[in-house]
Each structure stands twice: as structure tokens, then as C-alpha cells.
Amino acid sequence: YSYLSDSEKILYIDFFNTEIKDKKPELVNSTFVESVIFYPWKDNSLSMEIKLKEKAFCDLFYLESPGRMVIDIRKGL
């Protein structure tokens, strides 16, 4: 599940049947992303908030071999 809030400039993504281990991914020098925060909730569920530096368009899609989610962020109008 995902939701992009234009007014808050935050992309919310919920993951089910997943968890984050001890080491959280780090954000390094991003053009569009200000911060990424992970919130564990419920059993094996995780919420992620991606705070954007400015309004943007976001596309999320899944690739296989190996399985991964891609977040394509482009400058908004």
C-alpha cells in the first residue's frame, strides 16, 4: 500500500509480512529525498515514510530476479 501526500511532501508505504533487521538502510546524497523513516507496527508489518524536498511524481513498481521494489521519483510541476 502507498500514498503520496502533496501537501506534506511525504510518500507513505506500508509493507506486510516483512520486518527490518538491526541495520536500517541509510540515505546518502539524494536529489529529491530529505529523509526516510521506518516504523514497525503490528506483527511483521512495517511502515516507511519518505519525506521529499519538493513536490514530486512517484511511481512504484516491482521487478523480479531478484525481487525488488523500485521507487521512481521525478520532479513535479
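The structure holds two aromatic pairs. In one, the rings of Tyr3 and Tyr12 have planes at 20° and centres 6.3 Å apart, so this pair counts as stacked. The other joins Phe16 and Trp41 edge-to-face, with 80° between the planes and 6.1 Å from centre to centre. Please keep in mind that this is a predicted model. Its secondary structure amounts to six strands and zero helices, and the points below walk through it by topic.

**The overall picture**

- Followed along the sequence, the protein reads β-β-β-β-β-β.
- The C-alpha trace spans about 40 × 25 × 25 Å along its principal axes.
- Of the 77 residues in the protein, 22% are buried.

**More on the aromatic pairs**

- Why does the Tyr3 and Tyr12 pair count as stacked? The planes of the two rings stand at 20°, and planes under 30 degrees apart are called stacked.
- Tyr3 itself is partly exposed, with a relative accessible area of 46%.
- How many residues apart in sequence are the parts that Phe16 and Trp41 tie together? Phe16 sits in strand E2 (residues 10-16) and Trp41 in strand E3 (residues 33-41), so their pairing links parts that are 25 residues apart in sequence.
- The angle of 80° between the planes of Phe16 and Trp41 is over 60 degrees, the cut-off for edge-to-face.
- Trp41 is partly exposed, at 27% relative accessibility.

**Ser5 in strand E1**

- Ser5 belongs to strand E1, which covers residues 2-5.
- Is Ser5 buried or exposed? Its relative accessible area is 4%, so Ser5 is buried, the limit for that label being under 20%.
- The side chain of Ser5 makes a polar contact with the side chain of Ser7, at 3.5 Å.
- Beyond the neighbours within four places in sequence, Ser5 is in contact with Ile10 and Tyr12. Tyr12 is also a member of the stacked pair with Tyr3.

**The loop between E1 and E2**

- Lys9 is found in the loop between E1 and E2.
- Phi of Lys9 is near 55°, which is a positive value in a residue other than glycine.
- As background, most residues other than glycine have a negative phi.
- Lys9 is partly exposed, and its relative accessible area is 30%.

**Strands E5 and E6**

- Leu63 is part of strand E5 (residues 56-63), while Val70 is part of strand E6 (residues 68-75).
- Leu63 is partly exposed at 31% relative accessibility, and Val70 is partly exposed at 23%.
- Which residues does Leu63 touch, leaving aside neighbours within four places in sequence? Its contacts are Arg68 and Val70.
- Val70 and Leu60 are ten residues apart in sequence, and their C-alpha atoms are 5.6 Å apart in space.
- Leu63 and Thr31 are 32 residues apart in sequence, and from C-alpha to C-alpha they are 23 Å apart.

**The loop between E5 and E6**

- Ser65 lies in the loop between E5 and E6, and Pro66 is placed in the loop between E5 and E6 as well.
- A cis peptide bond joins Ser65 and Pro66, with omega about -5°.
- For context, most peptide bonds are trans.
- Phi of Ser65 is near 60°, a positive value in a residue other than glycine.
- Is Ser65 buried or exposed? With a relative accessible area of 71%, Ser65 is exposed, because that label applies over 50%.

Terms used: Residues are numbered from 1 along each chain as its sequence is written. This is a predicted model: local features need pLDDT of at least 70, side-chain atom pairs count only at pLDDT 80 or more; totals for chains, interfaces and linings use all residues. Side-chain values use heavy atoms; hydrogens and water are left out. Helices (H or I, at least four residues) and strands (E, at least two) are DSSP runs, numbered from the N terminus. Buried means under 20% relative accessible area, exposed over 50%, partly exposed in between (1.4 Å probe, protein chains only). A polar contact is a pair of N or O atoms within 3.5 Å; within protein, one must be able to donate a hydrogen and the other to accept it, and residues adjacent in sequence count only if both atoms are side-chain atoms. Contact means heavy atoms within 4.5 Å. Rings of Phe, Tyr and Trp (its six-membered ring) pair if their centres lie within 6.5 Å; planes under 30 degrees apart count as stacked, over 60 as edge-to-face and the rest as tilted.
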